[in-house]
Amino acid sequence: MPAERAEILQAVSSAVLAVTRHLSVREVLQVIVRSAQRLLDARYAALGVPDEEGSFAEFVAEGITDKQWDAIGPLPRQHGMLGAMLREGAPVRLPDLRDDPRFEWWPKAHPVMKDFLGVPILDGGEVLGIIFLANKRTPGGFTEDDQDLLTLFAAHAAIALANARLYERGRELAMLEERNRVARELHDAVTQKLFSLRLTAQAAGAMLDSAPDKAAVELERVQRLAGEALSELRAVIVELRPAELDRHGLAETLRKHVRMLDRLHPSLVTFEAGELPPMDSAVEVAVLRVAQESLHNALRHSGADQVSVRLAYENGRLSLTVRDDGVGFEQGGSRGLGLVSMRDRAESVGGVMTVSSAPGQGTTVCVEVGV
C-alpha cells in the first residue's frame, strides 16, 4: 500500500502543477477536470462555476463529445444535485445518482450517470465551483478514499482558480490604468495646443478680407502651433513605448505577449520569428501595436481555434503576419476603426498593411516596412 499511496500522491502533485502553470480561468478549469478524471479513473468529469442568475458562468466537462453537447443543449441551470451542492457546500458520494431525492432530470440526450462523486471548490466560505465525477471505470463505484483524494485536489484547485481570477482582474485593471494615463497625457500635451491652433485659424480666417497682413501673421502662428502639437504628440508616443522593447527587443516582447495570450484564451496562439536586425524605435512600436490589435481582433471576435504570429526579415524589409482560422468577414464591409488605426500605424513608419479575409476562411493581416 505505501507504494500505491506514493503513486497517488505523485499523481496529485503532477495534476496540481499542471493546474498552476495556467493563468486563464477557463484553462485552469479544463486542466482541473481533466486531471480529476484521470486521477480517479472516471468516465465523466465536469466542473461548473456558478453565476448570479441561476445558471453557470463556466461549465467544462470531459467524456462528452461535441456532438453529444450539441444534442444536450444549453448549459445546466442551478437545479437538482448541482443546485443542492452549491447551496450545501458539502461533498456528495452516491452509488446511484438517480436514487437520490435531490436528483431531478436530465435532457434526453444526456448520458446516463450512475455512481457519483461531487466536491465543492471552496475559497474560505465561498463556493467557487463544484467538481463532480460519474461512472467510475473500476467496478464498485467511488470509495471514501476517492472522496478524500478529490477533496484534497479541490483544495489545491481552489488556490489555482482564485489565482487565475486575480491575475485576469489585475491585468484588466492595469490595462484600464494605462488607458486613463494615455488619455491624460494626450489631453495635457496635445489637446490644449490644438485648441489654440483652432482659435488662431478662426481669427486668421476672419481677417483675410479686412486685414490680410494680420491674417498672414496668424497663419504663420497656425503653422508654428501645428508643428509644436505634432512634436508633442510624437513625444507622447515615444513615452508610451513599452519598456519591454528596450529590454528585450521586438521579437522577444511579442513572443512574451503571445505566450500570455495563449494562456489566457482557449485558442492556440503560436509565434515564430527569424533573425531581425536593429531597427528604429518607431518601427518597433508600430509593428508591436499592429500585432497586438490584430491578436485582440482574432481572439475576441473571430472564434478562431488557432492564431499564428510570424516576424521575418528579408531584403531590407520587416514583415509581420497574423493569421487566424476564424469566421472571417466580407472584404469592404464595415469593420469599425480598428483596421483604420492599424493601417495608420503601419503607414506612419512607411509601411504597408494588407488584410485578406472571407466569410468562413479566416483572416490574415500582413505588414511590411523597410528597416
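**Getting to know a predicted model**

Reader: Where is Ile 32 found?
Author: Welcome, and do keep in mind that this is a predicted model. Ile 32 belongs to the run of residues 25–40, and that run is helix 2.

Reader: Is Ile 32 buried or exposed?
Author: A residue is called buried when its relative accessible area is under 20%. For Ile 32 the relative accessible area is 1%, so this residue is buried.

Reader: How far is Ile 32 from Phe 153, C-alpha to C-alpha?
Author: Along the chain, Ile 32 and Phe 153 are 121 residues apart.

Reader: What share of the residues in the protein is buried?
Author: Let's step back to the whole protein. Its secondary structure consists of nine helices and ten strands. Of its 371 residues, the buried share is 41%.

Reader: Which element gives the largest share of the lining of the largest cavity?
Author: The largest cavity holds about 30 Å³ of space. Helix 8 (281–301), helix 9 (338–348) and strand 10 (363–370) each give two or more residues to its lining. The largest share is three residues, and they come from helix 8.

Reader: How many residues of that lining are charged?
Author: Among the lining residues are Ala 286, Val 287, Arg 345 and Val 369. Arg counts as charged, while Ala and Val count as nonpolar. The lining divides into seven nonpolar residues, no polar ones, and, as for charged residues, one.

Key
Residues are numbered from 1 along each chain as its sequence is written. This is a predicted model: local features need pLDDT of at least 70, side-chain atom pairs count only at pLDDT 80 or more; totals for chains, interfaces and linings use all residues. Side-chain values use heavy atoms; hydrogens and water are left out. Helices (H or I, at least four residues) and strands (E, at least two) are DSSP runs, numbered from the N terminus. Buried means under 20% relative accessible area, exposed over 50%, partly exposed in between (1.4 Å probe, protein chains only). On a 1 Å grid over the protein atoms alone, a cavity is a set of points where a 1.4 Å probe fits but cannot get out, and a pocket is an open set with protein on both sides within 12 Å along at least five of seven lines; lining residues have an atom within 4 Å of a point. Grid points are joined across faces, edges and corners, and a volume is the space filled by probe spheres set on the points.
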